[in-house]
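Open the structure in your viewer and keep the selection tool at hand.

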Amino acid sequence: MMTGAEHVRWDLRDLYPDETALQQDLAQGLAQAEAFYARYHSKIASLDAEALAEALRQYEAILDRLGRAYTYAYLNWATQTEDPACGALLQQVREAYAQATKHLLFLELEWAQLEAERAQELLAAEVLRPFRHYLELQQRLRPHLLSEPEEKILAEKRVTGRDAWVRFFDELLGAMRFSLDGQLLTEQEVLAKLYDPDREVRRQAALALTEGLKTRLRELTYVFNIVLADKAAEDRLRGYRSWIESRNLANEVSDEMVEALIQAVTERYELVARFYELKRRLLGYAELYDYDRYAPIGQASTRYSWEEARQLVQSAYDAFHPRLGRIVAEFFERRWIDAALVPGKRSGAFSHGAVPSAHPYILLNYTGTIRDVQTLAHELGHGVHQYLSRKQGVLQADTPLTMAETASVFGEMLVFERLMAAETDAANRLAMLMGKIDDTIATVFRQVAMNRFEDRIHVARRTQGELPPEAFCAYWMETQQAMFQGSVTLGEHYRYWWSYIPHFVHTPGYVYAYAFGELLVLALFARYREEGDTFAERYLALLEAGGSDWPHVLVGRLGVDLKDTTFWHQGLTAIEALIEQAEALAEQVLGSTNAQAA
Ligand SMILES: [Zn+2]
């Protein structure tokens with residue numbers, strides 16, 4: 001279907017008029033990095049506030065220059081991945097960037113090693129205010145840093161240690177084939193079958209996934225045990241008190257805040273049960289099995305042309321705050337979006353923040369579905385956030401993971417409300433709403449249940465030693481059952497489904513950040529409904545602040561206390577309201593089908 005997005009291509013000339021300009025800039029960036037090293041290496045501790053601020057300004061300018069070259073090469077490649085020249089340019093810039101980074105690394109290390117008292121003195125200086133949070137964060141790591149030779153050894157041995165096992169895990173799963181209906185499927189293919197409308201296909205896919213995993217259970221369990229033991233050892237060496245502490249530090253949240261989040265979510269597991277009970281009724285099943293969780297409910301059939309999507313999204317942002325509406329308009333008018341479907345283009349969607357001296361760019365593959373409209377809203381949320389936080393400079397523009405999805409999910413909510421208001425067909429409305437709740441349940445509850453599983457295995461490995469496969473299976477079933485509360489029957493085959501989840505192996509502790517971000521937005525959105533325009537003004541200030549302060553300080557300005565479980569309950573209440581709305585719509589839809597049948 002033609003959507004009108006066929007000719008929507010971005011204009012990268014805002015970054016460089018041509019490749020010669022990029023090459024000149026890159027060479028200059030490299031030379032500046034070398035000069036920076038010569039001037040400042042092993043001198044950071046001796047700088048006064050004025051001189052440190054000057055060093056940081058130079059550092060920012062170099063990062064901006066190199067980042068601009070990198071952005072151009074990456075975006076240029078992203079729309080033509082099959083063109084070897086684009087690939088070669090990206091590789092060349094990557095290598096140059098790595099080369100330059102080697103000359104710049106010392107700055108953060110030397111600053112982190114500065115005695116706390118001296119650092120505090122410097123941080124109080126007005127001239128360092130634009131860099132304060134960045135500097136503060138580096139200092140936070142200080143108690144957990146080892147000596148330079150120790151750090152070097154750890155970094156070098158990691159490549160053949162934990163990183164090697166992570167790669168083994170990826171390659172093992174990548175090479176695995178799952179036998180279904182006489183066909184051999186990859187992991188991604190067999191997982192995709194869990195969304196099939198045909199129940200028997202889903203059931204067979206679930207069994208095939210388990211059969212495949214079981215053949216490699218020894219290796220998978222071994223990798224898990226290694227990752228757990230490696231983390232325990234490194235945490236001990238670095239003086240972290242719990243398995244999650246280093247992750248919380250990177251997320252810029254306290255253990256207390258994360259505990260408040262986990263407690264609030266686990267206390268509302270009954271919402272999961274209520275949602276799946278509704279899903280069971282809509283599917284017309286006597287019992288809902290684990291392989292029914294992703295069964296589609298109806299199919300929202302409405303299609304949106306590019307122009308319709310643009311109008312919808314732009315007006316939603318504009319109604320929230322005219323300034324956001326104007327920024328969104330710029331993305332369309334000044335060709336910062338690439339939406340066309342083109343052979344060789346990267347799949348999926350992203351908003352690339354580029355560098356503060358430029359502006360963000362958005363990549364989409366627009367086909368006109370309702371999901372695509374929501375993706376446009378999502379990426380524009382990232383886009384306006386990146387656009388507004390540029391003023392914080394390259395060192396403080398970005399937020400930690402816990403806040404990274406705030407603007408995108410908020411933007412999606414704004415547009416979802418419009419879409420719902422515009423859709424008159426009850427079955428379509430129900431399909432949209434069930435899809436939305438499905439996503440929300442996966443982001444909030446599923447991730448927290450997985451965090452509970454992670455907590456069990458990390459603690460058990462530290463207190464009991466190496467764990468047998470059955471221990472993982474038992475912890476998995478226990479933490480999953482707790483969430484479903486009997487609403488979904490988990491078959492025997494489901495015991496092994498912890499073993500393919502990459503987050504557990506790649507980034508221990510990662511998963512709760514999804515729940516954090518989603519609930520934060522739901523609670524902020526509830527606040528917006530109550531407060532209206534005064535909220536919008538303060539929300540804009542939050543976006544402008546980027547990563548210039550701690551998340552609890554930034555959202556604290558919106559009257560939110562992250563340590564307070566009642567705050568998290570506001571987000572959960574918003575999910576409950578969505579479920580109630582779906583239940584009411586279901587009555588309507590089921591009522592009319594029953595009437596037709598009669
Ligand atoms: Zn996102």
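Helix axes here are lines fitted to C-alpha atoms over the stretch in contact, and the angle between two of them runs from 0 to 180 degrees between N-to-C directions. Bear in mind that the model is predicted.

**Stop 1: the helix pair**

Select residues 116-123, helix α5, together with residues 132-140, helix α6. Their axes come within 11 Å and cross at roughly 170°. Angles over 145 degrees count as roughly antiparallel, so α5 is roughly antiparallel to α6. Now show side chains. From α5, the contact uses A116, A119 and L123; from α6, R132, L135, E136 and Q139 take part. By class, the residues of this contact are 4 nonpolar, 1 polar and 2 charged.

**Stop 2**

Colour residues 370-389 to see helix α17, where H382 lies. E405 sits in the loop between α18 (401-404) and α19 (406-422). The pair H382 and E405 therefore ties together parts that are 23 residues apart in sequence.

Is H382 buried or exposed? H382 is buried, with a relative accessible area of 14%, whereas E405 is partly exposed, at 32%.

Methods. Residues numbered from 1 in each chain as written. Predicted model: local features only at pLDDT ≥ 70, side-chain atom pairs only at ≥ 80, totals over all residues. Heavy atoms only, no water. Helix = DSSP H or I, 4+ residues; strand = E, 2+ residues; numbered from the N terminus. Parallel < 35°, antiparallel > 145°, perpendicular 65-115°, else oblique. Contact = heavy atoms within 4.5 Å. Nonpolar A, V, L, I, M, F, W, Y, C, P; charged D, E, K, R; others polar. Buried < 20%, exposed > 50% of the residue type's maximum accessible area, 1.4 Å probe, protein only.
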